[in-house]
Amino acid sequence: MSLETTGGVQRRGRPRSEKAREAILTAAAELLLTRGLGAVSMDAVAERAGVSKATIYRWWPTKETLALDALHQEWATSRPPASETGALRTDLLSLLRPWVRVIAKRPYGRVIAALVIEAQTNPTFAEQYRAGFVEPRRAQARSILLRAIERGELPATTNIELALDLLYGPVYHRLLHGHAPLNDRFLRDLVDTVVAGLATTDGRPGAEQ
């Protein structure tokens, strides 16, 4: 029996559509992590979630867009909100540490790799990928960097977008290539290196020291 058809009885709690949506996202996330994007089909997700394919297509036109939302929910529900500590280093660690611990535990690398490949060949999906997956995470760190500038911890000329690349680039590099561990020591070293570099460097493009 699908989550959509429960005999027509009005039940308390969350609307059935919300329960179905959560079941779909959970099923999609599990299939992505166990099989990879290439082996996941809407039929398999529908069967695992206990819904019809029509229900899935009502919200997601392709399995790639479903994968984006499934991954977003998986990461969002697995970490507490970042706290404001009043210092750049600890703010960044508060933001990044829970996320890195989550992505290090399961094979997220192959899911991200498949999404990146799709974004390289599908301009429409590329926009969705950047807007719904890349930018929200960058926005969180961007706010932290801007607060650090306001406090005087970073120069007003700091190149924010480059700083974000410096923060997230090494994480994704290790996630995708698997050549070195994603652990707390790596994250502390990464944050310390980026913070030290930003604090002592004129962030203007092309500026010489």
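At what angle do the axes of helix 8 and helix 9 cross? The points below take up this question and others on the structure.

1. Basis of the note. This is a predicted model, in which local features need pLDDT of at least 70, side-chain atom pairs count only at pLDDT 80 or more, and totals for chains, interfaces and linings use all residues. Residues are numbered from 1 along each chain as its sequence is written, and side-chain values use heavy atoms, with hydrogens and water left out.

2. Helix 8 and helix 9. The axes of helix 8 and helix 9 (residues 184–200) come within 10 Å and cross at roughly 160°; axes are lines fitted to C-alpha atoms, for helices over the stretch in contact, and angles run from 0 to 180 degrees between N-to-C directions. Helix 8 is therefore roughly antiparallel to helix 9, a term for angles over 145 degrees. On the side of helix 8 the contact (heavy atoms within 4.5 Å) involves Ala163, Leu166, Leu167, Pro170, Val171 and Arg174, and on the side of helix 9 Phe186, Leu190, Val194 and Leu198. These residues comprise nine nonpolar, no polar and one charged. Here Ala, Val, Leu, Ile, Met, Phe, Trp, Tyr, Cys and Pro count as nonpolar, Asp, Glu, Lys and Arg as charged, and the others, Gly among them, as polar.

3. Helix 4 and helix 6. Helix 4 (residues 63–76) packs against helix 6 (residues 108–121) at an angle of about 140°, and their axes are 11 Å apart. Glu64, Ala67, Leu68, Leu71, Glu74 and Trp75 of helix 4 meet Tyr108, Val111, Ile112, Leu115 and Glu118 of helix 6. The contact residues divide into eight nonpolar, no polar and three charged.

4. The chain as a whole. The protein chain holds nine helices and zero strands, where helices (H or I, at least four residues) and strands (E, at least two) are DSSP runs, numbered from the N terminus. Of its 209 residues, 39% count as buried, that is, under 20% relative accessible area with a 1.4 Å probe, protein chains only.

5. Helix 2. Met42, Ala44, Val45, Ala46 and Ala49 are buried in helix 2 (residues 42–49). Just after helix 2, glycine 50 adopts a positive phi of about 75°.

6. Threonine 158. The loop between helix 7 (123–151) and helix 8 (160–177) contains threonine 158. Threonine 158 counts as buried because its relative accessibility is 9%. A polar atom of its side chain lies 2.7 Å from the backbone oxygen of proline 155.

Technical notes
Buried < 20%, exposed > 50% of the residue type's maximum accessible area, 1.4 Å probe, protein only. Polar contact = N/O pair within 3.5 Å; in protein donor to acceptor, adjacent residues only side chain to side chain. Parallel < 35°, antiparallel > 145°, perpendicular 65-115°, else oblique.
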